[in-house]
Amino acid sequence: MIKYFKRLWNALWNSTTIDEKAEAALKETKTRLKAMKKELVDVKNAFKNVASQSKDVLDAAKGKKRRGRKPYYKNKKKTTNNNLKKNKK
(Lines give C-alpha, C1' and ligand atoms only; values in the text may rest on other atoms or scores of the structure.)
Protein backbone atom coordinates (compact mmCIF):
# COMPACT_ATOMS: atom_id res chain seq x y z
CA MET A 1 0.00 0.00 0.00
CA ILE A 2 2.83 2.38 0.81
CA LYS A 3 4.42 1.68 -2.58
CA TYR A 4 1.14 2.60 -4.26
CA PHE A 5 1.00 5.98 -2.52
CA LYS A 6 4.66 6.63 -3.27
CA ARG A 7 4.10 5.90 -6.96
CA LEU A 8 0.98 8.07 -6.93
CA TRP A 9 2.88 10.89 -5.22
CA ASN A 10 5.72 10.62 -7.73
CA ALA A 11 3.26 10.57 -10.61
CA LEU A 12 1.62 13.76 -9.34
CA TRP A 13 4.96 15.52 -9.03
CA ASN A 14 6.02 14.34 -12.48
CA SER A 15 2.83 15.70 -14.02
CA THR A 16 3.69 19.23 -12.84
CA THR A 17 6.75 19.29 -15.07
CA ILE A 18 4.49 18.69 -18.05
CA ASP A 19 2.54 21.82 -17.12
CA GLU A 20 5.79 23.76 -16.73
CA LYS A 21 6.99 22.49 -20.10
CA ALA A 22 3.68 23.49 -21.66
CA GLU A 23 3.93 26.98 -20.17
CA ALA A 24 7.49 27.33 -21.45
CA ALA A 25 6.46 26.16 -24.92
CA LEU A 26 3.54 28.61 -24.91
CA LYS A 27 5.82 31.47 -23.92
CA GLU A 28 8.31 30.55 -26.64
CA THR A 29 5.50 30.35 -29.20
CA LYS A 30 4.23 33.80 -28.25
CA THR A 31 7.69 35.35 -28.63
CA ARG A 32 8.15 33.69 -32.00
CA LEU A 33 4.74 34.94 -33.15
CA LYS A 34 5.66 38.50 -32.18
CA ALA A 35 8.91 38.22 -34.13
CA MET A 36 7.06 36.80 -37.13
CA LYS A 37 4.57 39.68 -37.07
CA LYS A 38 7.41 42.21 -37.14
CA GLU A 39 9.04 40.41 -40.04
CA LEU A 40 5.74 40.25 -41.94
CA VAL A 41 5.40 44.02 -41.62
CA ASP A 42 8.88 44.40 -43.08
CA VAL A 43 8.02 42.02 -45.92
CA LYS A 44 4.81 43.94 -46.62
CA ASN A 45 6.70 47.22 -46.85
CA ALA A 46 9.33 45.67 -49.11
CA PHE A 47 6.62 44.21 -51.33
CA LYS A 48 5.00 47.63 -51.69
CA ASN A 49 8.37 48.99 -52.79
CA VAL A 50 8.77 46.17 -55.31
CA ALA A 51 5.30 46.82 -56.71
CA SER A 52 6.12 50.49 -57.11
CA GLN A 53 9.42 49.70 -58.81
CA SER A 54 7.77 47.23 -61.17
CA LYS A 55 5.41 49.98 -62.35
CA ASP A 56 8.47 52.07 -63.15
CA VAL A 57 9.91 49.20 -65.19
CA LEU A 58 6.70 48.92 -67.17
CA ASP A 59 6.73 52.67 -67.80
CA ALA A 60 10.35 52.45 -68.99
CA ALA A 61 9.37 49.66 -71.37
CA LYS A 62 6.70 51.96 -72.80
CA GLY A 63 9.36 54.60 -73.40
CA LYS A 64 8.42 57.05 -70.67
CA LYS A 65 11.07 59.12 -68.93
CA ARG A 66 12.50 57.92 -65.67
CA ARG A 67 10.78 59.32 -62.64
CA GLY A 68 13.17 60.19 -59.88
CA ARG A 69 12.97 61.90 -56.57
CA LYS A 70 11.30 65.25 -56.49
CA PRO A 71 13.67 68.14 -55.80
CA TYR A 72 13.65 69.45 -52.25
CA TYR A 73 12.45 72.92 -53.19
CA LYS A 74 9.28 71.47 -54.72
CA ASN A 75 8.45 69.59 -51.53
CA LYS A 76 8.58 72.65 -49.28
CA LYS A 77 5.21 73.89 -48.14
CA LYS A 78 4.74 77.62 -48.29
CA THR A 79 2.88 79.40 -45.53
CA THR A 80 0.57 82.14 -46.58
CA ASN A 81 -0.53 85.17 -44.66
CA ASN A 82 -4.09 83.85 -44.63
CA ASN A 83 -3.02 80.75 -42.70
CA LEU A 84 -1.15 82.85 -40.17
CA LYS A 85 -4.17 85.11 -39.61
CA LYS A 86 -6.48 82.12 -39.09
CA ASN A 87 -4.16 80.58 -36.52
CA LYS A 88 -3.95 83.80 -34.47
CA LYS A 89 -7.71 84.07 -34.01
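Trainee: Why is arginine 32 called exposed?
Mentor: In this predicted model, arginine 32 has a relative accessible area of 54%. Exposed means over 50%, so arginine 32 is exposed.

Trainee: What makes glutamate 28 and arginine 32 a salt bridge?
Mentor: The closest N and O atoms of glutamate 28 and arginine 32 are 2.9 Å apart. The cut-off is within 4 Å, between a side-chain nitrogen of Lys or Arg and a carboxyl oxygen of Asp or Glu. The pair therefore counts as a salt bridge. Side chains of opposite charge can pair when their charged atoms come close. The count by this rule comes to one salt bridge.

Trainee: Where do glutamate 28 and arginine 32 lie?
Mentor: Both are in helix H1, four residues apart, which is about one turn of the helix.

Trainee: Why is glutamate 28 called partly exposed?
Mentor: Its relative accessible area is 38%. Buried is under 20% and exposed is over 50%, so glutamate 28, at 38%, falls in between and is partly exposed.

Trainee: Which residues gather in the patch of positive charge?
Mentor: Lys30, Lys34, Lys37 and Lys38 gather in that patch on the surface. Of these, lysine 34 lies in helix H1, which covers residues 2–62.

Trainee: How do you know that lysine 34 is exposed?
Mentor: Lysine 34 has a relative accessible area of 59%. The cut-off for exposed is over 50%, so lysine 34 is exposed.

Trainee: What makes tyrosine 4 and phenylalanine 5 an aromatic pair, and why is it called edge-to-face?
Mentor: A search of the whole structure finds one aromatic pair. In that pair, tyrosine 4 and phenylalanine 5 are 5.5 Å apart centre to centre, with 70° between the planes. Ring centres must lie within 6.5 Å to pair, and planes over 60 degrees apart count as edge-to-face.

Trainee: Are tyrosine 4 and phenylalanine 5 exposed, partly exposed or buried?
Mentor: Tyrosine 4 has a relative accessible area of 47%, and phenylalanine 5 is at 48%. Exposed needs over 50% and buried needs under 20%, so tyrosine 4 and phenylalanine 5 count as partly exposed. Phenylalanine 5 is found in helix H1.

Trainee: Which residues make the nonpolar surface patch?
Mentor: Met1, Tyr4, Phe5, Leu8, Trp9, Leu12 and Trp13 make a patch of about 870 Å².

Trainee: What pattern does the chain follow?
Mentor: Read along the sequence, the pattern is α-α-α, with three helices and zero strands.

Trainee: What share of the chain is buried?
Mentor: Of the 89 residues, 0% are buried. The chain exposes about 9,700 Å², and carbon and sulfur atoms supply 59% of that area.

Notes
Residues are numbered from 1 along each chain as its sequence is written. This is a predicted model: local features need pLDDT of at least 70, side-chain atom pairs count only at pLDDT 80 or more; totals for chains, interfaces and linings use all residues. Side-chain values use heavy atoms; hydrogens and water are left out. Helices (H or I, at least four residues) and strands (E, at least two) are DSSP runs, numbered from the N terminus. Buried means under 20% relative accessible area, exposed over 50%, partly exposed in between (1.4 Å probe, protein chains only). Accessible areas come from the Shrake-Rupley method with a 1.4 Å probe; for residues, only the protein chains shown count as cover. Patches are made of residues with over 30% relative accessible area and no salt bridge: like charges are joined within 9 Å, nonpolar side chains (Val, Leu, Ile, Met, Phe, Trp, Tyr) within 5 Å. Lys and Arg count as positive and Asp and Glu as negative; His and the chain ends are not counted. The place of a charge is taken as NZ of Lys, CZ of Arg, CG of Asp or CD of Glu. Rings of Phe, Tyr and Trp (its six-membered ring) pair if their centres lie within 6.5 Å; planes under 30 degrees apart count as stacked, over 60 as edge-to-face and the rest as tilted.
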